[in-house]
Amino acid sequence: MALKSILIHPDPRLKSVADPVSASEVDKALRRLADDMLETMYDAPGIGLAAPQVGVGKRLLVMDCVKEENTPPRPMVLINPAVTWSSENLNTYEEGCLSIPEQYADVERPAEVEVIWIDLEGVTHTERFDGLWATCVQHEIDHLNGKLFIDYLKPLRRQIITRKMVKLKREQARA
Ligand code: ZN
């Protein structure tokens with residue numbers, strides 16, 4: 001396994017709509033990518049990571065929102081995930097993003113969602129998520145559609161964060 005480098009906003013690859021994964025692409029190379037993404041996510045540390053964030057324009061995401069200390073981890077790999085139902089009930093979470101380091105903001109989303117996806121064996125799953133899992137899976141699916149959590153914020157707030165990221169990237173390039 002290998003750590004991937006995570007793209008930092010602004011980057012055109014974070015704004016592109018990712019391509020569906022075809023059945024023939026669910027192979028060893030995709031499993032390797034999913035493993036690398038999980039390792040990268042845990043290392044960051046983060047609770048979710050979408051393929052576009054590591055420069056791969058495919059509809060694939062990984063997540064693990066277990067935070068209770070005595071609960072075993074639940075690494076999940078979702079291929080071609082899609083929301084099939086959203087609750088009318090909304091929930092606000094302070095969100096962050098590995099592609100927008102150290103910036104956090106409240107985002108309101110459906111409190112519960114039902115998601116369909118296929119796993120690395122090509123098996124279809126449907127599950128209803130709530131709490132942090134619901135927020136995380138919606139945030140990650142947004143990445144597959146070229147959407148970031150700051151796109152939900154007022155333009156001025158978004159500009160301020162984007163300017164900070166431009167500065168951060170300039171500093172990183174110089175280091
Ligand atoms: Zn993110």
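This is a predicted model: local features need pLDDT of at least 70, side-chain atom pairs count only at pLDDT 80 or more; totals for chains, interfaces and linings use all residues.
Visitor: Okay, which protein residues are the donors of the zinc ion, and how are they spaced in sequence?
Guide: C97 uses its SG, while H139 and H143 each use NE2, and they lie 2.1 to 2.2 Å from the zinc ion. Written along the sequence, the spacing of these donor residues is C-x41-H-x3-H.

Visitor: How many residues apart in sequence are the parts that C97 and H139 tie together?
Guide: Both residues are buried. C97 belongs to strand β4 (residues 90–97) and H139 to helix α2 (residues 131–144), so the pair joins parts whose separation in sequence is 42 residues.

Visitor: Now the aromatics: is the F129 and W133 pair stacked or tilted?
Guide: Start with how W117 and F129 sit: their ring centres are 6.0 Å apart and the planes meet at 35°, so that pair is tilted. For F129 and W133 the centres are 6.2 Å apart with 20° between the planes. Planes under 30 degrees apart count as stacked, so the F129 and W133 pair is stacked.

Visitor: Which residues do the ring pairs link into a cluster?
Guide: There are 2 aromatic pairs in the structure. W117 and F129 are both buried, and so are F129 and W133. The cluster is W117, F129 and W133.

Visitor: Which residue lies over the face of W133?
Guide: Over at W85, the face has R128 above it, 3.9 Å from the ring centre. For W133 the distance to the ring centre is 5.6 Å, and the residue is R74.

Conventions:
Residues are numbered from 1 along each chain as its sequence is written. Side-chain values use heavy atoms; hydrogens and water are left out. Donors are N, O and S atoms within 2.8 Å of the metal (3.2 Å for Na, K and Ca); water is not among the atoms, so sites may look incomplete. Helices (H or I, at least four residues) and strands (E, at least two) are DSSP runs, numbered from the N terminus. Buried means under 20% relative accessible area, exposed over 50%, partly exposed in between (1.4 Å probe, protein chains only). Rings of Phe, Tyr and Trp (its six-membered ring) pair if their centres lie within 6.5 Å; planes under 30 degrees apart count as stacked, over 60 as edge-to-face and the rest as tilted. A charge sits over a ring if NZ of Lys or CZ of Arg is within 6 Å of the ring centre and within 35 degrees of the ring normal.
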